[in-house]
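Please work through each task before reading its solution.

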Amino acid sequence: MIPFLDLHAGYAELQPEIDAAVARVLDSGCYIGGEDVAGFEAEWAAYCSAAHCVGTGNGLDALILSLRACGIGPGDGVIVPSNTYIATWLAVSAVGATLQPVETDPATHNIDPARIAAAVTPETRAIMPVHLYGQPADLDPILEIARAHDLRVIEDAAQAHGARYKGRRIGAHGDAVCWSFYPGKNLGAMGDAGAVTTDDPEIAARVRRLGNYGSDRKYVNVERGVNSRLDPLQAAILRVKLAHLDEWTERRRALAAAYAEALEGTGLTLPQVPKWAEPAWHLYVVRSPERDALQARLTEAGVGTLIHYPIPPHMQEAYADLGLAPDSLPMAKQLAGEVLSLPMGPHLEPEASWRLRDALA
Ligand SMILES: *Cc1c(COP(=O)(O)O)cnc(C)c1O
């Protein structure tokens, strides 16, 4: 059997270090904030080459708090990719702003910068590119459009830990960069966790305040915030795992390279990597018009696969009120019918790629 992802293997590899980190927090008597939260924030900011990092309770909150910190709310338009995990859209809805979906480039599965300029209206206030599957979006043209129209760029980097765009790590290209450390992400906690990285001290301070009841000083509340803080147990675990992130990304890269070789000529559309991109390989997503049959065949051969994502946001019941016909965003609809995510993670040997090839022969 080849599981889609073996989360326990990540614990097994680092168990003594993780157990010691957890014990340290339990012994500290400090269960909100504290040294491990501040330590992880400093280490993650440094890793991302960002001036600031603010921990949050999860990735969705990182997106919502970043939008709020940029002053985006009702009446404002936010450009989002049509093909993404629904969290990107939900964040925009949560602040009462208007979704402006833009279709993705079928070659990269990421938002198509050429279509963004045409989607900008006088209401547009921000662009939210998603580095989907760990492939960096084409940020330079996006930043250029943002500059020309005075828009904020809020990146959804929930799948892009360690990915590089033109040699520089994702983490501070846009105004705010939003991270999830959900257990299955490339840098995964053992529960919910998230963060925002940014070079802008005002955005950092406002995200921190909004996630702490709108308060910088205990019992002094200057705005209506929420409770969304990074848990110290998760921070301590993330510090352990961060030290191994580059090595784990290397293993993902080796598996992706093995897939590219083993699956050549099988008729599947394999991921295409632009020359300026160094993906983090959160997911290895292939495409086939016969996707369901392909998935059934791999299941029979003991190979676990998943679909990211089977229903695009505009076709979800949650967004029925927008009245967006399935074919209004045809690329998102088509991708949902054709994509298949192969097993991917730091604990799967590259040799597994040949088992997949045999299963498809
Ligand atoms: C995981 C994910 C999120 C949300 O992260 P949570 O920590 O689960 O709230 C947002 N956007 C994308 C693209 C994701 O993959």
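**Exercise 1. A salt bridge and its setting**

Which side chain meets that of arginine 239 in a salt bridge, and at what N to O distance?

Solution. 

Step 1. The model is a predicted one, in which local features require pLDDT of at least 70 and side-chain atom pairs count only at pLDDT 80 or more, whereas totals for chains, interfaces and linings use all residues. Residues are numbered from 1 along each chain as its sequence is written, and side-chain values use heavy atoms, with hydrogens and water left out.

Step 2. A salt bridge is defined as a side-chain nitrogen of Lys or Arg within 4 Å of a carboxyl oxygen of Asp or Glu. The partner of arginine 239 is glutamate 43, at 2.6 Å from N to O. This pair links distant parts of the chain, since arginine 239 belongs to helix α8 (residues 232-242) and glutamate 43 to helix α2 (residues 35-47), 196 residues apart. Helices (H or I, at least four residues) and strands (E, at least two) are DSSP runs, numbered from the N terminus.

Step 3. Accessibility is classed as buried (under 20% relative accessible area), exposed (over 50%) or partly exposed (in between), with a 1.4 Å probe and protein chains only. Arginine 239 is partly exposed at 26%, and glutamate 43 is partly exposed at 30%.

**Exercise 2. Two further salt bridges**

Determine the elements joined by the salt bridges of arginine 152 and arginine 287, and classify the residues by accessibility.

Solution. 

Step 1. Arginine 152 pairs with aspartate 175, their closest N and O atoms lying 3.1 Å apart. Because arginine 152 is in strand β5 and aspartate 175 is in the loop between β7 (168-169) and β8 (176-180), the pair ties together parts that are 23 residues apart in sequence. Arginine 152 is partly exposed, at 28% relative accessibility; aspartate 175 is also partly exposed, at 23%.

Step 2. Arginine 287 forms a salt bridge with glutamate 338 (3.2 Å, N to O). Here strand β13 (residues 284-287) supplies arginine 287 and helix α11 (residues 330-338) supplies glutamate 338, 51 residues apart. Arginine 287 is buried at 13% relative accessibility, and glutamate 338 is buried at 15%.

Step 3. Salt bridges with shared partners join Arg24, Asp36, Glu43 and Arg239 into one network. The structure holds 20 salt bridges.

**Exercise 3. The ligand site**

Solution. 

Step 1. Residues around the ligand (a heavy atom within 4 Å) include Asn58, Gly59, Tyr85, Asp156 and Lys185.

Step 2. The protein covers 90% of the 380 Å² of accessible area that the ligand has on its own, by the Shrake-Rupley method with a 1.4 Å probe.

**Exercise 4. Backbone geometry**

Where is the peptide bond from histidine 308 to tyrosine 309, cis or trans, and where do lysine 166 and tyrosine 219 lie?

Solution. 

Step 1. Most residues other than glycine have a negative phi, and most peptide bonds are trans.

Step 2. The bond from histidine 308 to tyrosine 309 is cis, with omega near 10 degrees; tyrosine 309 is in the loop between α10 (291-300) and α11.

Step 3. Lysine 166, not a glycine, has a positive phi of about 50 degrees. Lysine 166 lies in the loop between β6 and β7 and is partly exposed at 46%.

Step 4. Tyrosine 219 has a positive phi of about 70 degrees. Tyrosine 219 is in the loop between β10 (215-217) and β11 (220-221) and is exposed at 71% relative accessibility.
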